[in-house]
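Here are some exercises for getting to know a new structure. Try each task with the viewer open before you read the solution.

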Amino acid sequence: MGANRNVLKLFSLLLIFTVSLVNAEEKVEKKVDGLLSKMTLDEKAGQMTQLTLKAFTNGKSGDKLKLDENKLEKYIVQEKIGSVLNCGGRALSPEKWLEITSLVQKYTKKTRLQIPVIYGLDSIHGAGYVAGSTLFPHNIAMAAAGSRQLVQQMAEVTALETRAAGIRWNFAPVLGVARHPFWPRHYETFGEDPFIASEFAEAYITGLQGDKLPLAEDKVLACMKHFLGYSYPRSGRDRTPAWIPEIQLREIFVPPFRAAVQAGAVTAMINSSEINGRPVHASPFYLKKLLRKDIGFSGFVVSDWADIDNLYTREMVAENQREAVKIGVNAGIDMSMTPFKIDFKKHLVSLVEAGEVPVQRVDEAVKNIIRVKFQAGLFNDPFEDDKLSEKIASKEAKKLNERCAKECITLLKNESDILPLKKEEKILVTGPCSNLKSVLNGGWSRTWQGREEHLYPDSQNTILEAVKAEFGRGNVSFEKGADFDKLLNADKAAEKAENCDVILLCAGENTYTEHSGNIRDYNISLSQRKLAARLSETGKPIITILTQGRPRVVREIEKVSDAVVMAYLPGVKGADAIADVVSGDVNPSGRLPFSYPKYAGGFEWYDYKKSANWSSCKVEFQWPFGAGLSYTDFECSGLKLSKNSASKKGFDGLKVSFDVKNKGKMKGGYIAQVYVSDTVASVTPANKRLKEFKKIYLNPGENQTVNFDLPAEAFSFINAECRRVIELGKFVIRAGGLKKEFTLE
């Protein structure tokens with residue numbers, strides 16, 4: 001009876017919570033409708049307009065930036081614009097941010113309806129535009145770490161440090177599935193697998209927003225981006241056309257956005273370019289059918305930078321700016337990132353008055369925007385105080401950042417167990433990434449491109465500085481040897497190597513994001529290949545450290561390297577983590593979240609089709625998806641399924657378990673992964689697809705049974721009619737090098 005009473009009590013509490021939640025949502029809708037009924041067309045169009053901060057400033061950046069109050073009066077009071085974005089050039093102090101955001105909201109109080117502005121910022125791997133904030137590893141590195149918990153905790157810190165600046169809207173996470181390794185925003189994603197991207201979408205959004213709206217005082221709204229297909233441009237270059245069959249679109253690229261909506265995302269930013277000849281900003285199919293109807297998104301949609309204008313200046317589907325506004329708004333864009341002028345607003349008013357944009361479409365957009373402003377808590381109080389500022393870069397945040405950096409590092413090669421090195425070994429540190437802070441952080445770090453070394457904290461080490469601290473200054477020598485684009489003093493580096501036991505070659509890329517990161521040669525730069533070749537002539541062991549946002553082809557360097565460590569873009573604590581891995585103070589546990597190509601002339605993914613790998617068509621990776629070595633040895637055994645077969649009717653999933661044992665002498669982290677293969681299907685099946693993962697930690701000699709619950713959906717796919725289905729037949733379950741068959745009857 002006691003158990004029954006507890007169940008009834010729990011049910012009653014759940015019912016009360018659900019009813020109160022519904023009532024709260026109904027109250028918000030009434031407030032939204034009431035406000036909308038009072039608005040003029042001019043006020044509605046203003047809410048749909050977003051300007052960048054530079055449109056309001058004196059042209060300076062950093063804390064010298066000042067707002068022009070005449071421009072505030074013009075744009076906010078007179079034109080009633082509804083949103084502001086960006087930092088004005090580079091990171092601002094929390095105090096400066098609060099001054100700016102408070103002044104912006106102060107001017108909204110002078111408007112007739114006093115509708116607060118919603119301010120958006122790109123906090124991509126931490127609050128990168130807030131001076132002194134925590135700069136975490138980028139998402140691609142967090143995917144390698146393999147921990148939902150770490151992603152959520154990272155997002156929690158990002159939310160707090162963004163909110164401390166008076167900002168309640170974060171233009172993150174990037175949920176493109178990284179299917180083109182050329183793409184310069186590869187590092188902003190969670191890799192090439194849609195399941196990992198979906199799981200981390202949920203974790204990240206939960207961390208940013210919390211589990212309920214309106215926002216708590218240390219939370220911010222997420223903006224899932226960039227819907228849809230942005231990460232797979234045919235050329236690999238930023239904002240260029242994609243060609244994606246609808247089956248692949250729904251199978252690979254939709255799932256992370258669906259997961260984001262289910263996790264509570266209430267804003268979405270749109271792909272700047274096109275899919276199959278249709279600019280996404282101009283497509284009711286993508287914005288209404290896929291996003292709204294199929295995925296169930298009910299928040300507001302914001303354009304990317306000047307992308308309504310781009311419909312006529314670049315995509316050429318509109319004859320002029322006025323027509324571009326008409327096409328974009330009618331397609332489903334709610335807010336236009338204009339970002340410097342208010343022509344969008346003027347054209348929109350004219351279009352509605354002429355009957356070319358239905359007033360109902362404008363009302364729908366404005367309701368979406370106003371509702372989100374209520375969810376952000378802006379109507380309760382749009383102003384922030386400085387109580388969160390003292391929590392920026394707290395001891396807890398720094399400790400978390402250290403852990404994230406350590407857990408993402410991925411050991412890809414370790415011939416003759418050359419790593420870890422002994423503390424007394426003599427080391428030559430060389431290469432273009434050896435003594436720069438910026439290359440550890442990448443883009444979206446204090447500035448858009450992240451290249452200004454002086455903006456990084458004095459406490460951040462370069463790889464050279466971290467290695468000196470770890471191994472002793474007397475044991476470490478340095479010669480850069482090469483820059484990213486030219487050979488410098490390779491002979492001198494080789495000369496210094498003669499007096500060392502081992503060479504630490506720090507290779508990779510300079511910082512970039514978006515179009516500045518476009519490349520035409522996928523090989524790592526010639527200067528770095530030449531440096532590696534010259535160093536190999538010394539006969540000294542070479543350990544290559546890769547700090548890069550995407551997998552540049554390193555085949556020639558790998559051949560002469562005894563060990564290869566993939567560091568990705570590991571953030572301000574990245575150099576220390578690298579040094580700890582090299583010394584053995586940290587046992588590497590990251591696993592590649594993408595397939596690392598071996599050749600510049602072609603690439604494939606881990607879930608390739610059988611016809612991609614037969615006869616002379618061989619799929620060959622430099623390192624496969626999921627690759628990652630350890631300083632200890634793990635053994636997997638005893639793969640078990642809860643049943644070997646099941647009837648499709650009523651099928652609700654499958655339980656999978658297997659044992660992992662640490663047979664080595666060092667504690668280590670192991671990312672257990674479960675793959676499912678559909679052996680025969682009406683659409684050619686992938687050779688395998690990841691359906692679950694979990695990171696565990698084992699002491700020497702310890703054994704742990706890892707349990708997974710695979711839902712029925714893990715056995716589904718998108719069929720020829722673009723519907724998700726489960727078909728009868730045989731499946732293969734793979735985990736830890738083991739496999740078992742399962743049959744649906």
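The expected span of a helix is 1.5 Å times one less than its number of residues. Keep that handy for the opening exercise, and remember that what you see here is a predicted model.

**Exercise 1: a helix and its length**

Task: Work out what helix α4 (residues 94-108) should span, and compare that with how far apart its end C-alpha atoms are.

Solution: 
- Start with the count: α4 has 15 residues, and at 1.5 Å a residue it should span 21 Å.
- Then take the model itself: the end C-alpha atoms of α4 are 21 Å apart, which agrees.

Task: Now find how many of the residues of α4 are buried, and what covers them.

Solution: 
- Of the 15 residues in α4, 11 are buried, so the helix is mostly covered.
- Among the buried ones are W97, L98, I100, T101, L103 and V104.
- The cover over these buried residues includes α3 (69-78), β2 (83-85) and β3 (118-121).

**Exercise 2: the loops on either side**

Task: Look at N86 and Q114: which loops hold them, and is each one buried or partly exposed?

Solution: 
- Begin with the background: most residues other than glycine have a negative phi, and most peptide bonds are trans.
- N86 sits in the loop between β2 and α4. Its phi is positive, about 80°, though N86 is not a glycine.
- With 19% relative accessibility, N86 counts as buried, because the cut-off is under 20%.
- Q114 sits in the loop between α4 and β3. It also isn't a glycine, and its phi is positive at about 55°.
- Q114 has a relative accessible area of 38%, so it is partly exposed.

Task: Check the peptide bonds from L213 to P214 and from K225 to H226. What is omega in each?

Solution: 
- L213 and P214 are joined by a cis peptide bond, with omega about 5°. P214 belongs to the loop between α7 and β5 (221-222).
- K225 to H226 is a cis bond too, with omega near -5°. H226 is in strand β6 (residues 224-227).

**Exercise 3: the nonpolar core**

Task: In the largest nonpolar core, which residues touch the most other members, and which helix gives the largest share?

Solution: 
- This core has 208 residues, and F56, W97, M224, L348 and L419 touch the most other members.
- The largest share of the core comes from helix α7 (residues 194-209), with nine residues.
- Apart from this core lies another one of 26 residues, among them V656, L698, F715 and I733.
- Zoom in on F56: leaving out residues up to four places away in sequence, its contacts include L51, L67, L72, Y75, I76 and V84.

**Exercise 4: helix against helix**

Solution: 
- Where they meet, P194, A197, S198, A201 and I205 of α7 face P255, P256, A259 and A260 of α9.

**Exercise 5: Q528 and its surroundings**

Task: Find Q528: is it buried or exposed, and what does it touch?

Solution: 
- Q528 is in helix α19, and at 2% relative accessibility it counts as buried.
- Besides Q528, the buried residues of α19 (residues 526-536) include S527, R529, L531, A532 and L535.
- Those buried residues pack against β13 (427-430), α18 (490-497), β15 (502-508), β16 (542-547) and α20 (555-559).
- Q528 itself touches P432, D483, F484, A507, G508 and I557, not counting residues up to four places away in sequence.

Technical notes: Residues numbered from 1 in each chain as written. Predicted model: local features only at pLDDT ≥ 70, side-chain atom pairs only at ≥ 80, totals over all residues. Heavy atoms only, no water. Core = buried A, V, L, I, M, F, W, Y, C linked by side-chain atoms within 4.5 Å. Buried < 20%, exposed > 50% of the residue type's maximum accessible area, 1.4 Å probe, protein only. Helix = DSSP H or I, 4+ residues; strand = E, 2+ residues; numbered from the N terminus. Contact = heavy atoms within 4.5 Å.
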